Amino acid sequence: MMRAGRFRYHVASTVADAAAALADGGPHARLLAGGTDLIPNMKRRQDTPDLLVSLRHVGELRGISVNGETAIHAGTSLDDIVKSAAIRAVHPALHRAASQIASPLIRNTATLGGNLCVDTRCNYYNQTFEWRKSIGFCLRGPVPDGICWVAPSGRRCWATASSDSAPALIALGARLTLLSREGERDIPLEELYADDGACPLTKRADEIVTSIRIPSRVVRSTYWKLRRRGSIDFPALGVAAAIRPGPHGVIEDARIVLGAVASHPLLVPESQLLIGRTLTDNVIEEFAEGAARHARPLDNTDFAMTWRKSVARSFLSGALRELRGDDPSTFPLLARETALRNGWRFE
Amino acid sequence: MSDYRVIGKARRRVDARAKVTGQTRFADDLSFPRMLHCKLLRSPHPHALLRQVDVTRALRAPGVVAALTGKDFSIRYGILPVSQDEEPLCRDKVRMTGDPIATVIATTEEEAYAALELIDVEYELLPVIATPLEALQCDEPRIHDYGDRGNVHKSVALEFGDVDAALAAPAHLFDDLFFYEGNTHLAIEQHASVALLEPDGRLALYSSTQTPHYVHRALSRALDLAPHRIRVVATPNGGGFGGKTDPFHHEIVVAKAALLTGRPVKICLTREEVFQCHRGRHPVMMRMRTSVDDDGFIKAVDLETLLDGGAYGSYGVASTFYTGALQTVTYRIPRYRFRGCRTFTNKPPCGPKRGHGTPQPRFAQEVQLDKIAVALGKDPADLRLQQLIEPHSLTANWLQIGSVGLRECIERVIDRSGWRSKWQKMPHGRGAGLACSSYLCGAALPIYWNDMPHSGVQLKIDRSGLITVFCGATEVGQGSDDVLAGIVAEVLGVEPYDIRLVTGDTDLTPVDLGSYSSRVTLMAGNAAIQAAERAKALIAGAVSAKLGIPEERLVFAESRVFDAADPAQGLAFRDAVIIAETIQGSIGTVGSYKPPAAAARFKGGGVGPSPSYSYTTAVAEVEVDAGTGWLRVEKIWIAHDIGRALNPTLARGQVEGSVYMGLGEALSEEQAMRRLPPRLSHALVHKTPSMLDYKSPTALDMPEVFVDLIEQAEANGPFGAKEVGQGPLLPIAPAIANAVFDAVGVRVDEVPITPEKILRALKASGRRAGPQQFPSIAWPQAVYVPPPWEGGDGRAATKAEEALQS
Ligand SMILES: Cc1cc2nc3c(=O)[nH]c(=O)nc-3n(C[C@H](O)[C@H](O)[C@H](O)COP(=O)(O)OP(=O)(O)OC[C@H]3O[C@@H](n4cnc5c(N)ncnc54)[C@H](O)[C@@H]3O)c2cc1C
């Protein structure tokens with residue numbers, strides 16, 4: 001069997017304790033939440049931390065409150081989010097995203113904080129040490145001067161942002177709180193992400209995500225996930241859409257986010273152009289065509305990249321049609337399945 | 001129906017309780033005092049000479065007890081006598097990424113793993129042969145120093161009747177190319193083995209293998225140790241599907257390490273290593289030419305196959321023949337030619353996966369028949385029904401057919417699925433497709449030439465009333481233990497759950513060749529009947545003498561032995577055994593089974609003959625999204641001619657499991673390799689060596705499956721039973737391909753049938769996705785055999801001789 005290397009283990013009792021341990025641990029310390037991303041990465045030697053600071057017993061990091069603003073503590077399990085009737089009612093995009101992450105068993109232990117910080121993914125990188133050694137490793141090491149096999153002539157890492165909840169929460173306008181020994185700060189979620197596959201987060205290594213807050217504006221939202229199978233698979237494409245319709249269907253605010261087509265969740269700039277318009281067929285198609293141009297899938301996930309790109313456009317328009325109120329059961333097969341699918345869970 | 005009490009009744013399998021409560025001990029569950037752990041250093045390069053392998057530094061690492069290299073072994077091994085081309089650890093050369101080079105034995109798995117990094121290896125890289133085309137084009141460097149020529153492992157050609165003449169002036173000639181991608185077994189249990197020395201110094205190996213007998217032979221050979229000094233115990237397999245039917249390097253390595261250290265040594269492969277062991281479905285390119293008359297009757301079939309064999313021989317020679325052997329057993333084919341070629345490539349070796357070599361040409365044949373039906377304006381079901389193979393007949397290639405329930409299979413699925421109101425009658429985007437298939441019930445010839453039984457069963461019954469069944473058959477999840485218990489229980493009138501089974505242990509059980517080729521139910525089942533009938537006769541004789549009831553009136557049922565004329569007259573089974581043991585002495589019987597001799601007597605005729613053939617028909621209903629090519633398989637109706645279902649619960653499980661596995665092959669599974677830009681790297685690695693990335697369907701991807709078992713007793717089968725483990729996989733992929741055509745009018749002549757390919761076909765002018773050309777291959781002169789209806793006796797002749805005679 002595959003085993004992770006040796007590491008020290010600190011069980012934090014409070015967030016402050018975790019922050020202190022993390023700061024003292026230096027650059028090779030990592031937070032452990034559900035461990036469903038970190039531990040497999042350690043077994044594959046993608047990461048070789050010498051200290052794990054476990055958040056699993058930090059009670060203050062768990063829980064959801066919905067009164068006006070929604071606040072979710074970072075250690076809340078994805079299954080708890082999926083089970084929350086309030087989130088399902090108020091923030092369908094988040095519900096749908098969380099419910100389709102990984103598998104029921106993984107969602108029992110995986111957390112929202114971990115999902116927002118989940119490592120980027122690439123077919124050339126999410127492999128065992130032996131496999132990566134066979135290809136002479138890649139730009140992400142562990143040896144220096146590696147090549148990015150996805151775009152060998154360039155000097156950057158094109159690994160794909162693969163969180164399902166991040167696009168949904170960005171579309172919903174979420175902010176998050178980061179805490180370290182130095183103090184707390186509060187940023188819009190989209191600012192957590194740098195467009196760099198090898199170093200995808202802008203936060204400092206000693207900062208802990210403690211909570212995620214979603215403003216209470218009335219919006220309609222949805223999340224469309226493309227994956228080959230009905231469960232388990234990471235997104236090969238994610239489209240999160242949130243709109244605030246005003247009187248007569250005139251859009252007052254719109255945030256559309258693409259996932260899994262770049263190294264960061266991509267807030268589509270043209271979202272702004274929807275404001276003041278109504279979602280007619282023309283408006284939707286024009287928007288989808290423009291927005292799909294931002295999707296530049298590379299050959300480092302499942303499915304052929306050109307095919308993924310063509311689906312991006314149909315997902316963009318499909319998601320908006322759903323929000324307009326079209327009946328998804330009349331959609332073509334893939335759109336219908338996608339719009340109607342929620343993750344399966346043990347009841 | 002029958003008046004059997006156990007046979008044919010749906011029951012919980014005898015090992016179900018242990019499995020669902022976690023009591024079953026798989027190989028990796030075994031642990032012994034002072035046990036050491038083994039890890040293998042594997043080649044990062046696909047093709048290279050080994051200049052030096054130095055384990056000095058590794059030996060000094062903490063916890064390390066021993067380290068071995070190729071120099072510690074001198075004898076090659078392999079499953080087939082003609083392909084003894086594997087080394088436990090490579091000596092001079094590696095032939096694929098993942099080839100084992102050295103091993104470290106240490107007190108913990110972590111220490112063994114860490115020390116691998118300290119082994120110093122010098123490689124001299126060789127050019128890489130990555131595809132069959134490259135193998136055909138590049139004779140040098142040779143991956144192996146044997147084979148037909150260059151990197152061609154084996155090419156074969158067989159011709160039954162003058163096919164060229166039959167193809168020359170056909171009413172209609174269909175000439176199609178197909179490609180079936182390779183895929184792997186993906187058994188949930190990764191291979192694991194523990195070797196140890198028994199107190200008397202003999203070697204024992206516990207291993208997740210489907211073929212303990214063949215592993216026994218390979219160990220004896222590779223370690224140069226007398227077979228009676230070796231015991232191989234097959235632990236219950238957490239799935240095998242053909243992936244555990246070869247002897248493996250890791251089994252030999254832990255055995256050697258146990259001999260050297262005197263301590264138990266264990267290995268459990270990682271999932272990636274299992275992908276490298278492979279032995280899965282060969283990728284096969286096919287050209288199939290079929291001539292039919294105006295009414296759609298087949299006149300002749302000419303099939304060419306090109307197999308991507310990977311780095312070793314494995315079962316490959318058999319696999320090659322299997323891509324041609326069973327094309328003739330479903331429909332009447334008056335003349336048939338088959339030419340197959342297997343190439344070596346620097347990739348994990350292919351071998352036997354559920355259906356061994358036959359799903360690929362079956363896909364070709366069933367899709368082509370669909371094309372023929374459409375072209376001639378016939379219903380595909382009718383096209384098949386009009387030319388079904390006759391029961392108890394000989395095929396063009398001299399296979400002896402027994403019972404055939406194919407007509408009933410077709411009729412059942414078209415009835416239940418509403419085929420007549422669906423095919424060509426549903427709205428655009430929805431479609432139905434039909435396909436049939438057949439499979440063997442055990443190969444009539446063993447892997448190595450011998451005239452001994454293929455399966456043996458021994459029964460021990462004593463005064464406790466306990467019946468113990470000893471049989472070399474191996475439980476791989478298919479239910480072979482339940483088959484043995486059910487059969488013996490039926491004959492001796494006891495409960496299957498009261499029977500004790502000792503299976504798959506070369507020290508304790510009579511030889512059974514193994515759990516492959518759908519042979520166990522038929523062969524071990526027949527052996528079990530014989531052993532049980534003999535025991536019954538012993539007991540009946542004694543009881544008859546004691547109670548004065550004529551033997552032929554004695555009934556064994558309800559755990560009693562009693563008088564059919566007066567059921568009150570009799571005694572408990574246990575008391576009957578006591579009487580028998582008193583009169584006869586200790587009670588032990590044996591039974592064995594050997595398949596009937598084959599009718600084929602030409603070279604190459606050893607692959608294909610079987611005591612019986614099972615038949616299957618499936619209808620798939622699909623929806624296709626014409627905008628994206630997305631495909632959803634909604635429903636599958638499947639009817640399988642099983643002869644008799646010994647335990648319908650298990651039989652249905654096998655059918656559903658086959659549908660599941662066929663679905664994965666049809667839609668998404670690919671054992672595909674990744675190549676990097678050649679100027680930067682000559683790596684050749686598995687694209688998706690994990691259960692996350694290798695896309696096997698999940699429970700949520702399963703369509704609704706409607707299973708029907710067609711029961712028409714087969715004379716050669718135990719209680720009339722035929723196989724059910726493999727055949728039902730075969731029609732799934734072609735039924736889906738045909739349904740896609742019915743839905744949106746495009747042909748995907750290739751599996752897996754992905755949305756990308758469907759979309760490509762929808763946009764292509766030819767409305768097709770699939771291979772564009774079949775390479776020209778220098779075929780050997782065909783072995784010419786007149787089919788039974790053109791005279792001859794199953795022996796090869798030359799065409800010229802034929803011409804003279806007629
Ligand atoms: C088979 C499989 C399928 C998967 N499929 C999906 C999928 O479909 N979609 C998807 O999005 N993910 C998927 N995942 C990835 C993973 O399960 C999820 O992203 C999960 O939500 C990660 O949460 P976790 O609590 O387990 O994180 P962990 O593994 O514990 O941590 C992940 C990373 O986040 C950091 N971290 C954790 N908590 C905090 C915090 N509070 N503050 C700062 N940093 C933190 C950790 O240090 C680590 O770097 C899959 C994983 C597997 C094994």
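A search of the whole structure, a predicted model, finds 87 salt bridges over all chains, a salt bridge being a side-chain nitrogen of Lys or Arg within 4 Å of a carboxyl oxygen of Asp or Glu. One of them joins the side chains of Arg175(A) and Asp186(A), with an N to O distance of 2.7 Å. Because Arg175(A) belongs to strand β6 (residues 175-180) of chain A and Asp186(A) to strand β7 (residues 183-188) of chain A, the pair ties together parts that are eleven residues apart in sequence. Helices (H or I, at least four residues) and strands (E, at least two) are DSSP runs, numbered from the N terminus.

In this predicted model, local features need pLDDT of at least 70 and side-chain atom pairs count only at pLDDT 80 or more, while totals for chains, interfaces and linings use all residues. Residues are numbered from 1 along each chain as its sequence is written, chains are lettered from A and ligands numbered from 1 in the order in which they are written, and side-chain values use heavy atoms, with hydrogens and water left out.

In chain A, the axes of helix α11 (residues 305-324) and helix α12 (residues 333-340) come within 10 Å and cross at roughly 60°; axes are lines fitted to C-alpha atoms, for helices over the stretch in contact, and angles run from 0 to 180 degrees between N-to-C directions. That makes α11(A) oblique to α12(A), the class left after angles under 35 degrees (roughly parallel), over 145 (roughly antiparallel) and 65 to 115 (roughly perpendicular). The contact (heavy atoms within 4.5 Å) is made by Trp307(A), Val311(A), Phe315(A) and Glu322(A) of α11(A) and by Leu334(A), Thr338(A) and Ala339(A) of α12(A).

In chain B, helix α16 (residues 648-667) packs against helix α17 (residues 732-744) at an angle of about 55°, with axes 8 Å apart. α16(B) is therefore oblique to α17(B). Residues in this contact include Val659(B) and Leu663(B) of α16(B) and Ile736(B) of α17(B).

Chain B also holds an open sheet of three strands in the order β20-β21-β22, with antiparallel pairing; two strands pair if DSSP finds at least two bridges between them. The edge strands are β20 (554-557) and β22 (566-572) of chain B, and the twist averages 30° from one strand to the next. Four bridges join β20(B) to strand β21 (residues 560-563) of chain B, and Ala557(B) stands opposite Arg560(B) in β21(B). Helix α14 (residues 520-547) of chain B packs on the sheet, its direction making about 125° with that of β20(B). Helix α15 (residues 573-584) of chain B lies across β20, β21 and β22 of chain B, at about 65° to β22(B).
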